[in-house]
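Biologist: I've got a model open on my screen and I'd like to talk through its side chains with you. Can we start as soon as it's up?

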Amino acid sequence: MLLCICFAKDCISQSDIRAESGVLDARHWNFQKRLPLTGYWTFHEGELLLPEQIDSVRGTSHFFPAIWKDDSENKQRTEYGTYSLKILLPDSIINMGLEIPQMYNSYTCWVNGIKVASAGAVGKTEKEAKPKWFHQTVTFSTHAKDTLVVVLHISNFHHHKGGSKDPIQLGSSEGISKHLSRAVATNVIEAIILFLAGSAFLIVYIFRKKKVILFFSLLSLTWAVRCVFSNLYPVVVFYPDINWQFLVKTEYLTLYLAVIWAMLFLHHLLDKLSNPLITYTIVALNSLFVIYTLFAPVIIFSQWLSLYLAVAGIVIIYGGYLIIRALLAEYIGSWLLTGSILTGVIIFGYDMLAYNTTFGYNYIFLSTGYLVIFLLTAIALLFHLGILKSQLKRTDVLTYDDFFKKP
């Protein structure tokens, strides 16, 4: 319930101010809060115009942020283009900042004719363009001007998607910097906690030799790696020159491997309830995803995310089915697993919605949710292993096992 409240609060807090025909009127906006620069920007498809050329070339009204593969009017693949937006400001604003998300797959940004940020190299050909994912903030002075003109180049030759799925955020220089710092810190803390938990259970496995412990350990360690190779991509902060292909492949591989470890963990935790055929079919499918991702280029394997989502949906449904049966059979820790599954449905659904649309992320909400999932699952495992002792006694109510137990 608390997670849902946080989620709802995040949705309500989104700005109602939107750009129209390349102009965003923010004269009455309170810049103690971030302003997402969403709405209809001026767009020049297939052109890379410099800031001084924008006014002399006619563009089209195009919603930003948008994924090009879904939005191109002529149904042809858009590979590069120029966005521009004029922002009307209050007279009192001087020091400002932009939070610029990762885009598909390189960008350059100017404010009032001055280049303020870039990631990779924007180009008109695959050879000229260099992809890079980098979520960053920049600060600048308005020089007491009441208008900002933002010009943005984006190019994509290396990924199935093009354009941007997240909005650029405008705010005070201090507020913009603090928000991203908190979000990155939350991601890193999540990774550290999961790495420590995974390492601890790996040590327990050395002494207890139970596969259920090993698979939970591998799941925790895999998700710890994913924390720094997805969403905000904190690894880029520490290693700015990291290979982009390696970054993307790691992001996808950790997702597939996490499903494999999760299925094997549930199978061994609820071994009397789990169906081996279903378990190993899902494991085999995700193993194929892993092999395909290792050898295929990014622009090819990134097209098949919808197929993976279908498999992930089956995993969630099957996991819920197993937990319901565990509840009926009064398995120790089954209520904890129920909480984990329900939280997982909310968080994973939110993650996928934000990834596949321009909905936008609340990264602190996301990291907190995943930590809750792993915490509940870890406690359930400790009860299963007898490391924690339950004080609850079995009820006198007839259960599933009472009807179907063998004589």
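Biologist: Lys-178 and Glu-174 are four residues apart in helix α3; about how much of the helix separates them?

Modeller: Keep in mind that this is a predicted model. Both residues belong to helix α3, which covers residues 173-208. Because they are four residues apart in that helix, the separation is about one helical turn.

Biologist: And how far apart are the closest N and O atoms of Lys-178 and Glu-174?

Modeller: Side chains of opposite charge can pair when their charged atoms come close. Here Lys-178 and Glu-174 form a salt bridge. Lys-178 is partly exposed at 45% relative accessibility, while Glu-174 counts as exposed at 52%. The closest N and O atoms are 3.0 Å apart.

Biologist: How many salt bridges does a search of the whole structure find?

Modeller: One of them joins Asp-25 and Arg-27, at 2.7 Å from N to O. Asp-25 is partly exposed at 34% relative accessible area, and Arg-27 is partly exposed too, at 45%. The search of the whole structure comes up with four.

Biologist: What about the salt bridge of Asp-166 and Lys-165: are these residues buried or exposed?

Modeller: Their side chains meet at 3.1 Å, N to O. The cut-off for buried is under 20% relative accessible area. Asp-166 has 6% and Lys-165 has 3%, so Asp-166 counts as buried, and Lys-165 is likewise buried.

Biologist: Let's move on to rings. How many aromatic pairs turn up in the whole structure?

Modeller: A pair of aromatic rings is described by the distance of the centres and the angle of the planes. Searching the whole structure that way gives 22 aromatic pairs.

Biologist: Take Tyr-104 and Trp-133: what kind of pair do their rings make?

Modeller: The ring centres are 5.6 Å apart. Planes over 60 degrees apart count as edge-to-face. These planes stand at 90°, so the pair is edge-to-face.

Biologist: Where in the chain do Tyr-104 and Trp-133 sit, and how many residues apart are they?

Modeller: Tyr-104 is in the loop between β6 (95-100) and β7 (106-111). Trp-133 is in the loop between β8 (114-119) and β9 (136-141). Both residues are buried, and their pair links distant parts of the chain, 29 residues apart.

Biologist: Trp-133 also pairs with Tyr-233; what kind of pair is that?

Modeller: The centres of these two rings lie 5.3 Å apart. Tyr-233 sits in the loop between α4 (211-228) and α5 (234-238), 100 residues from Trp-133. Trp-133 and Tyr-233 are both buried. Their planes are at 55°, so the pair is tilted.

Biologist: Which residues form one aromatic cluster together with Trp-223?

Modeller: This is a set of Phe, Tyr and Trp residues, with Trp-223 as one of its members.

Biologist: Which ring does the charged end of Lys-132 sit over?

Modeller: Over in another spot, Lys-33 lies over the face of Trp-29, at 4.9 Å from the ring centre. The charged end of Lys-132 is 5.4 Å from the centre of its ring. That ring belongs to Phe-134.

Biologist: Is Leu-288 buried or exposed?

Modeller: Leu-288 sits in helix α7, residues 276-295. The cut-off for exposed is over 50%. Leu-288 has a relative accessible area of 54%, so it is exposed.

Biologist: Now Tyr-318: which residues is it in contact with, leaving aside neighbours within four places in sequence?

Modeller: Tyr-318 is in helix α9, residues 305-328, and is buried at 8% relative accessible area. Its C-alpha atom is 9.8 Å from that of Asn-275, 43 residues away along the chain. The contacts are Met-263, Ser-274, Asn-275, Ile-278 and Thr-279.

Biologist: Last one: what percentage of the residues in the chain are buried?

Modeller: The chain has twelve helices and eleven strands. Its accessible surface comes to about 20,300 Å², with 63% belonging to carbon and sulfur atoms. Of the 407 residues, the buried ones make up 49%.

Conventions. Residues numbered from 1 in each chain as written. Predicted model: local features only at pLDDT ≥ 70, side-chain atom pairs only at ≥ 80, totals over all residues. Heavy atoms only, no water. Phe/Tyr/Trp six-rings, centres within 6.5 Å; stacked < 30°, edge-to-face > 60°. Helix = DSSP H or I, 4+ residues; strand = E, 2+ residues; numbered from the N terminus. Buried < 20%, exposed > 50% of the residue type's maximum accessible area, 1.4 Å probe, protein only. Lys NZ or Arg CZ within 6 Å of the ring centre and 35° of its normal. Areas by Shrake-Rupley, 256 points an atom, 1.4 Å probe, with all protein chains shown as cover. Contact = heavy atoms within 4.5 Å.
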